[in-house]
Amino acid sequence: MTRIKHPIISFSLVALQFTLIGILLLILPLSLNSIILGVQALAIIIGLWAVQTMHLGHFNIVPDPMPEIELVTHGPYRFIRHPMYFSILLFFLPLIVLNLSWLPIALYASLILALLIKATYEESLLVDTLPEYEAYQQISKRIIPFVF
């Protein structure tokens, strides 16, 4: 079944993602705890590794596949299909744990849901664009290495 790209869906998902990230950055207090900073540094390294592996010319912030896309299965993509989403979630996780209250938890849960919806939408388009993507889905995890 061929899926049609919907720019409104794509840009809405990106807008939601960045709105939630922005709100979390505004409401969560910064921490100088070495463990939290270490986890956040790891998250940034994973995100940069993913961008470097994808190459900036092929990187697309919206979930729509680029016209001349090639499947990337090395670097962090050999472990998970969406390492950039993983890095975002990992970055905020220690701050959420440190600030357990309903608003940060609700916003973080909303971010998880938004990224899952975005990943699902993106993957439906990739299945139509790249014949080998379904096989890649079978041998890789979606967002959390070795888990999901």
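This report describes the helices, selected residues and aromatic pairs of a predicted model.

## Basis and confidence

The model is predicted, so local features need pLDDT of at least 70 and side-chain atom pairs count only at pLDDT 80 or more, while totals for chains, interfaces and linings use all residues. Residues are numbered from 1 along each chain as its sequence is written, and side-chain values use heavy atoms, with hydrogens and water left out.

The predictor's confidence in each residue is given as pLDDT, from 0 to 100. For the protein chain the mean pLDDT is 92, and 95% of its residues reach 70 or more. Confidence is highest in helix H3 (residues 83–98), at 97, and lowest in H5, at a mean of 95. Where pLDDT is low, the predicted coordinates should not be read in detail.

## Helix H1 against H4

Helices here are DSSP runs (H or I, at least four residues), numbered from the N terminus. Axes are lines fitted to C-alpha atoms, for helices over the stretch in contact, and angles run from 0 to 180 degrees between N-to-C directions. The axes of H1 and helix H4 (residues 102–129) cross at roughly 155 degrees and come within 10 Å. That makes H1 roughly antiparallel to H4; angles over 145 degrees count as roughly antiparallel, under 35 as roughly parallel, 65 to 115 as roughly perpendicular and the rest as oblique.

The crossing of H1 and H4 is left-handed, a term used if the near helix is turned anticlockwise from the far one by less than a right angle, with clockwise being right-handed. Contact means heavy atoms within 4.5 Å. On the H1 side the residues that meet H4 include Ile9, Leu13, Leu20 and Ile27. Among those that H4 brings to this meeting are Leu103, Pro104, Leu107, Leu111 and Tyr121.

## Helix H3 and its partners

H1 passes H3 in a left-handed crossing. Gln17, Ile21, Leu24 and Leu25 in H1 meet Ile88, Phe91, Phe92 and Ile96 in H3.

Leu28 is in the loop between helix H1 (7–27) and helix H2 (34–54). With a relative accessibility of 5%, Leu28 counts as buried; buried means under 20% relative accessible area, exposed over 50% and partly exposed in between, using a 1.4 Å probe and protein chains only. Not counting residues up to four places away in sequence, Leu28 touches Phe92, Leu95, Ile96, Asn99 and Pro104. Glu68 is 40 residues from Leu28 in sequence, and their C-alpha atoms are 39 Å apart.

Ile46 lies in helix H2 and is buried, with a relative accessible area of 14%. Leaving aside neighbours within four places in sequence, Ile46 is in contact with Pro83, Phe86, Ser87 and Leu90. Ile46 and Ile27 are 19 residues apart in sequence and 24 Å apart in space, C-alpha to C-alpha.

## Aromatic pairs

The structure holds 3 aromatic pairs. Rings of Phe, Tyr and Trp (its six-membered ring) pair if their centres lie within 6.5 Å; planes under 30 degrees apart count as stacked, over 60 as edge-to-face and the rest as tilted. The rings of Phe91 and Phe92 are edge-to-face, because their centres are 5.2 Å apart and their planes are at 85 degrees. Phe91 is partly exposed at 21% relative accessibility, whereas Phe92 is buried at 3%.

Tyr133 and Tyr136 also form an edge-to-face pair, with ring centres 5.6 Å apart and planes at 65 degrees. Being 3 residues apart in helix H5 (residues 133–139), these tyrosines are separated by about one helical turn. Tyr133 is buried, with a relative accessible area of 3%, and Tyr136 is buried at 5% relative accessibility.

## Phe146

Phe146 is found in the segment after H5. At 69% relative accessibility, Phe146 counts as exposed. Phe146 is not a glycine, yet its phi is positive, at about 65 degrees. Most residues other than glycine have a negative phi.

Notes
Helix = DSSP H or I, 4+ residues; strand = E, 2+ residues; numbered from the N terminus.
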